[in-house]
Each structure stands twice: as C-alpha cells, then as structure tokens.
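Let's take a friendly walk through this protein together. Please have the sequence and the view ready.

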Amino acid sequence: MNSKGVFITFEGPEGAGKTTVISAIYDRLKNQGKKVLLTREPGGIKISEDIRGIILDNENTEMDAKTEALLYAAARRQHLVEKVIPALAQGYIVLCDRFIDSSLAYQGYARGIGIDEILEINKFAIGEAMPDVTVFFDIRPEEGLARVLNNDQREQNRLDKEDLSFHHKVYEGYQQVIQRYCDRIVVTDASLKQDEVAENVYKIIASRIM
C-alpha cells in the first residue's frame, strides 16, 4: 500500500489466539516508542462495529452467505477509509485483527461462493489497499475450537457455532489463500505456548519494519 506507515494484518481459524498475541505485540511496539495503532475487523469504528453486531449475532442463523460476504466488505470499506488509511498516512504501524483473507477463506471457500468471486467484491471495497505483511496463526480446527469452548472470557459468536466440517473448510481455504499470496503471508505455529507465539510473531514483524 502506498503510505508512510505499515499495514500488518493477522489471520487464523477460530481460537488461534490472535487477539491476545496482537495486544502483546502492540504493547511491545508502543513501549519502544513506535507509532502503532491496534484495530480489528469487522469493527474498529462505529459503523463497522454495528455491522459486526449484525454479522456475529447468534440469532441471525438465517443469514444468506452472500449477504454475509457483502456485510463484511461494507464494514471493511468504512473501517479502511475512516481509520486505517488516515493512520497509515500519518506513519503509523497498523495492526489489524483480520482483513480480506478472512473473507476469502470463510465466505469464498468455506461458504462455497468462490475465492475469486469474493476477491472481486472486496476489490470494489478496498481498491489496491492490501496489507504489507500478513501473519497467519496456524492451528488445527479441533484445537482452536477446544480453546474457544474452554475460554470463559471469550464471547462465542455465530461462526463459533458452525459444525466442525465448516471450520475444516475454513482451514483448507486459508491454505489456498496462503499459496496465492505466499510473498505477503507468513505462517507461524499457533499451537505453541502463548509467549512463544508472541515472540515468534514479533520477530516476523521486526524483520519487516525495523
């Protein structure tokens, strides 16, 4: 992306531990005096958080797959133009929990809409605004879902309650996305202890921005 800042996104299946690790990375970079912004998708700003509430509402079980995909793209667009692009223009390191690759894996592959079809929807939403680097938290679906079930602090959403076969499709979808964007996506083992994962992710980021 053409900007003074660096756009770093984080991807992975449910229960991969992204949110906790990203928070630790944010604190570490901030303590080093870096200009750093932590945000998430869908969400990050009011309109996108409102859309997030609709997408992840446990009551919205009848939501059509294409409706879901379009809502994600709409939330992404607003978040990008209102928060991410301005921060990058000011030279921030932007750490974003999920971005376009989630849509490619979840809606494109797992929902069966097609990775290329979802890519086209999102090209309309984001233009050329792709991440500079993406870290994929690699964990098997069974292990990730077990973490979700055992974490009382984590609110379970509509996607968490999909059956195991769906989450296997998500994982398979991510593997295709990783192959497609192998120059941008770096894989890290998310089954390790949390502090080990955080250290490995920090090293990945440091190698790209320092």
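Which are the buried residues of α8? They are V197, A198, V201, Y202, I204, I205 and A206, where buried means under 20% relative accessible area, exposed over 50% and partly exposed in between, with a 1.4 Å probe and protein chains only. An α-helix has 3.6 residues a turn, so residues three or four places apart point the same way. These buried residues of α8 pack against β1, α1 (18-31), β4 and β5 (185-189), with contact meaning heavy atoms within 4.5 Å. Helix α8 (residues 194-209) has 16 residues and should span 22 Å at 1.5 Å a residue, which agrees with the 22 Å between its end C-alpha atoms; the expected span is 1.5 Å times one less than the number of residues.

Before going on, a word on the model. It is a predicted one, in which local features need pLDDT of at least 70 and side-chain atom pairs count only at pLDDT 80 or more, while totals for chains, interfaces and linings use all residues. Residues are numbered from 1 along each chain as its sequence is written, and side-chain values use heavy atoms, with hydrogens and water left out.

**The overall fold**

The protein has 8 helices and 5 strands, and its pattern along the sequence is β-α-β-α-α-β-α-α-β-α-α-β-α. Helices (H or I, at least four residues) and strands (E, at least two) are DSSP runs, numbered from the N terminus. The radius of gyration is 16 Å, close to the 17 Å from the globule rule for 210 residues, so the protein is as compact as a globular protein of that length. That radius is taken over C-alpha atoms, and the rule is 2.2 Å times the number of residues to the power 0.38. The C-alpha trace spans about 45 × 40 × 30 Å along its principal axes. Of the 210 residues, 50% count as buried. Among contacts between residues at least 6 apart in sequence, 79% join residues at least 24 apart.

**Aromatic rings**

A search of the whole structure finds 5 aromatic pairs. Rings of Phe, Tyr and Trp (its six-membered ring) pair if their centres lie within 6.5 Å; planes under 30 degrees apart count as stacked, over 60 as edge-to-face and the rest as tilted. Two of the pairs are set out here.

| Pair | Centre to centre | Angle between planes | Type |
|---|---|---|---|
| F10 and F137 | 6.4 Å | 65° | edge-to-face |
| Y106 and F166 | 6.2 Å | 55° | tilted |

F10 is in strand β1 (residues 6-11) and F137 in strand β4 (residues 133-138), so their pair ties together parts 127 residues apart in sequence. Both F10 and F137 are buried. Y106 in helix α4 (residues 100-110) and F166 in helix α7 (residues 164-180) are 60 residues apart, and their pair links distant parts of the chain. Y106 counts as buried at 4% relative accessibility, and F166 does at 6%. Y106 and F166 also belong to one aromatic cluster with F136 and Y174.

The charged end of R140 sits over the ring of Y171, 4.5 Å from its centre; this requires NZ of Lys or CZ of Arg within 6 Å of the ring centre and within 35 degrees of the ring normal.

**Backbone details**

Most residues other than glycine have a negative phi, and most peptide bonds are trans. A cis peptide bond joins E41 and P42, with omega about -15°, and P42 lies in the loop between β2 (36-40) and α2 (46-56). R98 is not a glycine, yet has a positive phi of about 80°. R98 is found in the loop between β3 (93-97) and α4 and is buried, with a relative accessible area of 12%.
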